[in-house]
Protein chains: 2
Amino acid sequence: MTSFSRFTALAESLPPTVPFVGPETQERARGAVFAARLGANESGFGPAPSVIAAIAEAAPLSWRYGDPESYDLRQALAAHLGIKLDEIVIGEGVDGLLGLAVRLIVEKGTKVVTSLGGYPTFNYHVVGFGGTLVTVPYRGDHEDLDGLLEAVRRENAAIVYLANPDNPMASWHDAASVTAFARALPETTLLVLDEAYGELAPAGTLPPVADLAGMPNVIRFRTFSKAYGLAGHRVGYCFGTAETMSRFHRVRNHFGMSRIGQAAALAALKDQDWLNSVVARVSAARERIGAIGRANGLEPLPSATNFVALDCGDPVRAKALLDQLVADGIFIRMPGVAPQSRCIRVSVGPDPELDLLERALPEALKRIG
Amino acid sequence: MTSFSRFTALAESLPPTVPFVGPETQERARGAVFAARLGANESGFGPAPSVIAAIAEAAPLSWRYGDPESYDLRQALAAHLGIKLDEIVIGEGVDGLLGLAVRLIVEKGTKVVTSLGGYPTFNYHVVGFGGTLVTVPYRGDHEDLDGLLEAVRRENAAIVYLANPDNPMASWHDAASVTAFARALPETTLLVLDEAYGELAPAGTLPPVADLAGMPNVIRFRTFSKAYGLAGHRVGYCFGTAETMSRFHRVRNHFGMSRIGQAAALAALKDQDWLNSVVARVSAARERIGAIGRANGLEPLPSATNFVALDCGDPVRAKALLDQLVADGIFIRMPGVAPQSRCIRVSVGPDPELDLLERALPEALKRIG
């Protein structure tokens, strides 16, 4: 079977690999579902009951396209953040929005700076549009702000990616450091500031909205997939100056937002009590994962997210432990690049799932020797 | 306020216009909701009760990302169509999939052939990736197969778009003509065959799957948004040779499919009784819209879709009538290009909405004189 012959040279050059293999794919390969789903940084505490009710209520109108302006949701977010409607763009998760931002700026050879071992889906988009990635090693398991800035200047990069808090290490910088980093960037470099885990970070981690407002070269990305527990609906948003954000409307899939997803996100935003309760439960679960790790000789790294990196000492041991836990029905993931890959990455979840981890971990460590 | 300065030249060249203004946007401008929603070719008959139940059942697991392989849905579709799993790609509606197909093939100056007044969202994607549209006038309110073929050969086009049945005219070609068209194309031209309305067309309209199988330069696009009544979930699919389809995986947003949407589409596919009942109700509603038109001197064009084009004689009168109906709370649309724009386009809906149309139309015609 031959392929169509006129795909672009860029398309033909792209690797067929995907950023992440889904847990369902692994389950099909194993021939069994995972007993504990602790690998995708989802929120096992679920969406609010009010959100589940809103979904059921919206279901009969599934026949209607969603509002292509996501007006109600944008308005609610604008009020929540204290910004204007045209400073916000809604999209199919942070992943979808990252793809649009990259498309607007990256063409063949455009230099883009990120951390070595940073978020793979961002890299996937950069490569997918022909850009050239320039990577900066982590420093002490943190994204290296000075190193990123130096690389931006050296390479005259068009974009620099920073996740705060970080995935996969769960580390974070304080708001003042991030603001200083943003202000030190050349105006010709866009800061893609991924704050997907922002709601779960300690106070003082996210720069106040006003501190980065008015900067045409800063876009902040957030999501309903993490703390709000709506990963399955694909609702993310980003915000920046109205003029910069206006470019998204030239390329986005206007009718791409699910109607139910918009309704679910709107209900989630309104239920801040649930969010607060989730933040507390995530914090407790992080503590417990840390304690389980420590009890087994695996030091937990400090976390500002809904997952914990457990230090296994070296990448070979970490990979062996991951494979063993996955074989035992515990879905987890690990960083892809050394030295971060000396860790396994365990997402929070409710106690019954952490009970399974607690039981499986010592056995798994024994097996890998 | 200035914008970020390093958007690509292509991004800066794109117009800020959107393919369609949503009814909600018009409602906000009017300050009132529409009494009848008959403009977006949605299915006012709704999704099946079994689908609504499936959505409610899936809601509590909204915290999980959807399966990035959409495996269960792809497998069900493969069985339904009698093809293989790797010959199908699921995406965020036909619109999303059209964007990916265009991205894979179109770069600056790539020639793409479509009908003058054909589907605007396809054109939006072509322009968005820097392609050059070559348009062929409709002939007798049908897409002109001979004209399209001639343009493809003359321009050495990389893509030709054909909607069968057509939107916005609701006309169709029989399967044999479409198959002959596909086979006459150069192998270096991809046929984007948009069959979004296929389930609603008379028998003998869609070429049997086997008749176009094995052709690397044919991709067929279908959706759960129309007959299945799930526009709000954004679930479309396309199929072709495995080798051609594999290219989508290099650029698609792997975790972009809503989990609830996958569950809803799977339930919808299983409920073919509901589909059949909707097909019958759509057919009856088409007849009724035609009768309402005729009773008011507006000749209905034959329709193989869930909407009817009513001939108003000339574009000025059609536009005046559309504006009047919209002002009266009846949401409809119309073709954008002459001579098709002598028509208004009315989507099917349940009787209470058509009652409103029946009442409003003679009054509106009187007002516009």
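User: What makes the relation between chain A and chain B that of a two-fold axis?

Analyst: Happy to walk through this one. A rotation of 180° with 0.0 Å of shift along its axis puts chain A onto chain B, at an RMSD of 0.0 Å. The copies are superposed by least squares on the C-alpha atoms of residues with pLDDT of at least 70 in both. That is therefore the relation of a two-fold axis. In chain A, the C-alpha of A:A56 lies nearest the axis, 2.4 Å from it. This is a predicted model, in which local features need pLDDT of at least 70 and side-chain atom pairs count only at pLDDT 80 or more, while totals for chains, interfaces and linings use all residues. Residues are numbered from 1 along each chain as its sequence is written, and chains are lettered from A and ligands numbered from 1 in the order in which they are written.

User: How do you know that the same surface serves both copies?

Analyst: Two residues are in contact if their C-beta atoms, placed from the backbone, lie within 7 Å. The contact takes 77 residues from chain A and 77 residues from chain B, and 100% of the contact residues of chain A recur in chain B.

User: Why is chain A called as compact as a globular protein of its length?

Analyst: The globule rule is 2.2 Å times the number of residues to the power 0.38, and the radius of gyration is taken over C-alpha atoms. For 369 residues the rule gives 21 Å, and chain A has a radius of gyration of 21 Å, so chain A is as compact as a globular protein of that length. Its C-alpha atoms fill a box of roughly 55 × 55 × 50 Å along the principal axes.
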